[in-house]
Amino acid sequence: MGILDTLKSVMGVRAESDAVSDADPEDLFGMSTAYVTMEADLGFHSVGEAALCFSSVDSTDFADTVDAVEAILDAGAEETGTTFRRHEDDYGYHWVVLADDDPEDLVTSVHFAADEFVERGYGSRLLAAVFGFERNAGDRAYWVYSFRRGAYYPFAPTGTSNRDNKIEFKLESMFDGELGLESDKQYWYPLWPDRPNGHPWG
């Protein structure tokens, strides 16, 4: 399944009718402690990037909202040093990609961006927040927060079309109780990178 099918059928149209709880940007702060556990107990370090994925609306008001999000991130960059870039993938989905060596700053910046969308009435356009990790063995893993499901799930790609279920289930067992996890594994949808060793956000 490609990223287009993933986002459309799961985090988009299908998940909208299947959502079991309202997403809350405050849930993103759970990743602050998760970073510590990932490193101390599992040897996974932050890749230094995180991303927010959203679908666009062809309206001036939505464009103003995106401008406001960028203004907030610009202001935050002066304080934290967190940089960001915009990316539109091949399927028309938009990403705000944040870079910072401090995981706490990444969490804060993703939260600020998501909260601005919600405050301006566009919370329904938010699809996912994605936080990346890697360890010396070459393993890479992500925590994906699905805004349509209001829950996290682990994703451990190996290349562009396979995933390491062993790592994913290990993460599930380690974080049950620490993060609000998606209990229905049919919603653990892959966000495949478009190239080997790439990230879901491009």
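Reply: The structure holds eight salt bridges, counting a side-chain nitrogen of Lys or Arg within 4 Å of a carboxyl oxygen of Asp or Glu. This is a predicted model, where local features need pLDDT of at least 70, side-chain atom pairs count only at pLDDT 80 or more, and totals for chains, interfaces and linings use all residues. Residues are numbered from 1 along each chain as its sequence is written, and side-chain values use heavy atoms, with hydrogens and water left out.

Let's start with E70 and R86, whose side chains meet at 3.0 Å, N to O. That pair links distant parts of the chain, 16 residues apart: E70 sits in helix α3 (residues 60-80) and R86 in strand β2 (residues 83-88). Helices here are DSSP runs of H or I with at least four residues, strands are runs of E with at least two, and both are numbered from the N terminus. E70 has 23% relative accessibility and counts as partly exposed, and so does R86, at 35%. For these labels, buried means under 20% relative accessible area, exposed over 50%, and partly exposed in between (1.4 Å probe, protein chains only).

Next up is the salt bridge between R149 and E182, at 2.8 Å, N to O. R149 lies in the loop between β5 (140-146) and β6 (151-155), and E182 in the segment after α5 (165-175), so this bridge ties together parts 33 residues apart in sequence. Both R149 and E182 are buried.

Then there's E168 with R163, whose closest N and O atoms are 2.9 Å apart.
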